[in-house]
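We will go from one selection to the next.

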Amino acid sequence: ETAGSVGYYLAGAEFDSVTASISQAGDERGLTFSTDGTKFYVMDANTPISVYQYSLSTAWDLSTSSYSNNSFNISSQETQPTGIAFKSDGTKMYITGYTGFDVNEYTLSTAWDVSTASYNQVFSVSSQLIQTADIVFKLDGTEMYVSGYNASIEKRIYQYTLSTAWDVSTASYSSKTTTLLEFDGIHFKSDGTELFVVGNFTDTVYKYTLSTAWDISTATSSGTSFSVSSQDTVPKGLAFKDNGTKMYVMGRSGTDVNQYSTALNTAELDLSTGS
């Protein structure tokens, strides 16, 4: 993670032997971080069906995490939540789930504080998906990606274009989609050229490459994968540090979030390639 390291190096991922307890949630679903890495969020499908917020005294370091005592009940909109995302400035939150086959949008009066959230509006994805899993956005909020099962019981991710950034009422299906090996947790590299997915069918993180950044129809499997089964056999959430040098997997079997190193030292790379 020092100068001269390259992130998103899934092939060399290593478990840091660092975890964060999320014991507030009994049926954990979804994982996302604030953009500065000082907060992370998970959802609970048990009553009370809520989003729970955790603080990190050292950004991106799960060993410094603690429950912030901030939560928000989402049961009026979703009783089986699966995916969670935030606007890049923390003033909006988005949640997918099994109940409505839709994306629920919330406004936060205090950025990144889920206790200040209020329900805003909803966007249906039922024409594409019969079960939703996770949700992510392009960094500028003009593209939205939702994973899950389609009517043919295929694991897929669908892309939607928002004519007004971050406003789901302006979303429309872009007719762009691709089949995935897993779909419970999805995460894009910050430049949109790589996609990572994890799920409990194989307990594995898979890497895809996009020949056109942020165009999901151009995604193909890279052949690179990493098993997380030694830490969790029911992974349901995936996130990366902003520079890709750390990976985080949330699972239901351990009631925790696991931290991995995904950095490649460029000096080692130069030695191995002779360049």
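Which ring does the charged end of Lys155 sit over? Select Lys155 together with Phe201: the charged end of the lysine sits over the ring of Phe201, 4.6 Å from the ring centre. Keep in mind as you look around that this is a predicted model.

Next, show the aromatic side chains. The structure holds 28 aromatic pairs. Start with Phe40 and Tyr54, a stacked pair with 4.9 Å from centre to centre and 10° between the planes. Phe40 belongs to strand 4 (residues 39-44) and Tyr54 to strand 5 (residues 50-56), so this pair ties together parts that are 14 residues apart in sequence. Both Phe40 and Tyr54 are buried.

Now move to Tyr41 and Phe86. Their ring centres are 4.5 Å apart and their planes meet at 40°, so this pair counts as tilted. Because Tyr41 lies in strand 4 and Phe86 in strand 7 (residues 81-86), the pair ties together parts that are 45 residues apart in sequence. Tyr41 is buried, and Phe86 is buried too.

To widen the view, select Phe33, Phe40, Tyr52, Tyr54, Trp60, Tyr67 and Tyr248, which form one aromatic cluster.

For the last stop, pick Glu194 in strand 16 (residues 194-199). Is Glu194 buried or exposed? Its relative accessibility is 13%, so Glu194 counts as buried.

Terms used:
Residues numbered from 1 in each chain as written. Predicted model: local features only at pLDDT ≥ 70, side-chain atom pairs only at ≥ 80, totals over all residues. Heavy atoms only, no water. Helix = DSSP H or I, 4+ residues; strand = E, 2+ residues; numbered from the N terminus. Buried < 20%, exposed > 50% of the residue type's maximum accessible area, 1.4 Å probe, protein only. Phe/Tyr/Trp six-rings, centres within 6.5 Å; stacked < 30°, edge-to-face > 60°. Lys NZ or Arg CZ within 6 Å of the ring centre and 35° of its normal.
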